Amino acid sequence: MPYNSTAPMAERRVRESDDTAEKTDERKSAEPPASIARNGVPSIPAPPAAGPWRSYKEVVASLAERIVEAQRPIRVLQALRWDDDVEHQFLRSKPRELPKIDVAFYERLELGFNAKDKEREFEQIARDIDHDLGEDDAVGHIMMKTALEYRDVVRMLAARGTPSFYAWSRKLYGSPKDKFPDGKSTVRDLGQLLYGILTNVDEWSFPLRSGSPMYARTIDAHEAARQLGERLASYFGETGVRVEADDGILADASAGSDYVKVRTGAKFSPRDIDVLEVHEGWVHVATSLNGQAQPVAKWLAKGPPRTTAVQEGLAALLEMFTFRTYPRRARRLNDRVLAVDKAEDGASFIDVFEWFRTEGYEEDECFHNTRRVFRGGVLEGGAPFTKDACYCKGIVLNYAFIRSAIQHDRVDLVPFLFVGKVAHEDVPVLARRVSDGVVMPPKFLPPMFRDLNGLAIWMAYSTFFSQLGGEAIAEHYARLFARAG
């Protein structure tokens, strides 16, 4: 139908309105929209106040990184170190005078951080873990315990030279009076039992009596570092691990995040190097490297006190599994437990020093062993540093953990003892989080833990050995030995 100029007025108004709208739209399309700034760049909306969405792993990684950074300036053994002059003065006293170590001495030995500020920092991290992950999150629970333990380490160091130092030490590292999970036996019971056995074994150890070169301490620190470095280079491959002589450490050897130091001036035997390879390298360095490789569970690279029994016990246990330990080595570890026990019960620095002397140690060994027990504590007795009780305690607990895992068909948990610095209660939690990438499996594992078949059989027989006859069996063979003359 042709257009009619006489169409009703209402229809013409509609068409005119449409024409006007089209012209308006054309003008609008020629104008820049409100979202475009005058310079032609699109405007950017403000980000949400809460920031971008974060995954669970991002939240855990961020909190874990804060723990790692917060603990970085804390150096427990450095904060407890004694000058060489202390040893010289004590030995010159023949030795009848306590070393001049008191609260004033430690006040001059700076921590490198403000204790109160550091306490508050760890408490804030713990609150943030609770807020971000919730009190029922198992991984968060591990991190919270770790943060609060570091806070208590700071409190312990702030109390150096006082009985409060011992109170914090006992809370963090335990005591020879602690009971094993059976609720009956104590660490001290183990120490006293081993004391009698190891003393007799040591006296009749054939290689030691025959002057075997394996036990002769004729290797200086630089040569020991070279030999140990070659072994660890083979074990760790492309992952570089430094081994060097150092005159700033107190022990004969010490492991760090990617290095091992041996004390300048110390002498080593070939058997000592065997021990250091597995103790410092396969355990302490390996667990540090496995922890550092965690993109999320970053706290596993560092070891708060709650991980000490696993670490030291596992290292000593590896010495046994590889048949590298020997009676005097085992005695040294066990005698430290007894020395801590004596100091707890009131023995002074001089008392413990003299006890080590009666056990046949050289004078410098007596001093170094006694210093380990009293550093940070009260030299008059009753308030020692209890960390050395962890060694023998850790051997028993690690053995029990491995055997129980095998008995209960959870052998899959055993390698996670090496995933980083862990406590036993952490292991099942960490193993469960491999599937979602929160935890990465350990890369560096000792041979007997890469293939657990041999260890499983050994543990199976050991279960029966522990139940076999007791004194009756011992008496049976005692009569056999007597008949032979």
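**Close-up 1. Helices α2 and α6 side by side.** The axes of helix α2 (residues 56-71) and helix α6 (residues 115-133) come within 10 Å and cross at roughly 170°. That makes the two helices, α2 and α6, roughly antiparallel (angles under 35 degrees count as roughly parallel, over 145 as roughly antiparallel, 65 to 115 as roughly perpendicular and the rest as oblique). An axis here is a line fitted to C-alpha atoms over the stretch in contact, with angles from 0 to 180 degrees between N-to-C directions. Helices (H or I, at least four residues) and strands (E, at least two) are DSSP runs, numbered from the N terminus. On the α2 side of the contact (heavy atoms within 4.5 Å) you'll find, among others, Tyr 56, Leu 63 and Ile 67, while α6 brings residues including Phe 122, Ile 125 and Leu 133. Sorted by class, this contact has 10 nonpolar, 2 polar and 5 charged residues (Ala, Val, Leu, Ile, Met, Phe, Trp, Tyr, Cys and Pro are nonpolar, Asp, Glu, Lys and Arg charged, and the others, Gly among them, polar).

A quick note on the model: it's predicted, so local features need pLDDT of at least 70 and side-chain atom pairs 80 or more, while totals for chains, interfaces and linings use all residues. Residues are numbered from 1 along each chain as its sequence is written, and side-chain values use heavy atoms, leaving out hydrogens and water.

**Close-up 2. Helices α17 and α20 crossing.** Here the axes of α17 (residues 390-407) and α20 (residues 453-465) come within 10 Å, crossing at roughly 100°. So α17 is roughly perpendicular to α20. Look for Tyr 399 and Ile 402 among the α17 residues that meet α20, whose partners include Trp 458 and Met 459.

**Close-up 3. An aromatic pair, Tyr 215 and Tyr 326.** The whole structure has 21 aromatic pairs (rings of Phe, Tyr and Trp, its six-membered ring, with centres within 6.5 Å; planes under 30 degrees apart are stacked, over 60 edge-to-face and the rest tilted). In this pair, the ring centres of Tyr 215 and Tyr 326 sit 5.2 Å apart with planes at 80°, so it's edge-to-face. Tyr 215 lies in the loop between α10 (206-209) and β1 (219-220), and Tyr 326 in the loop between α13 (308-321) and α14 (327-344), so the pair links parts of the chain 111 residues apart.
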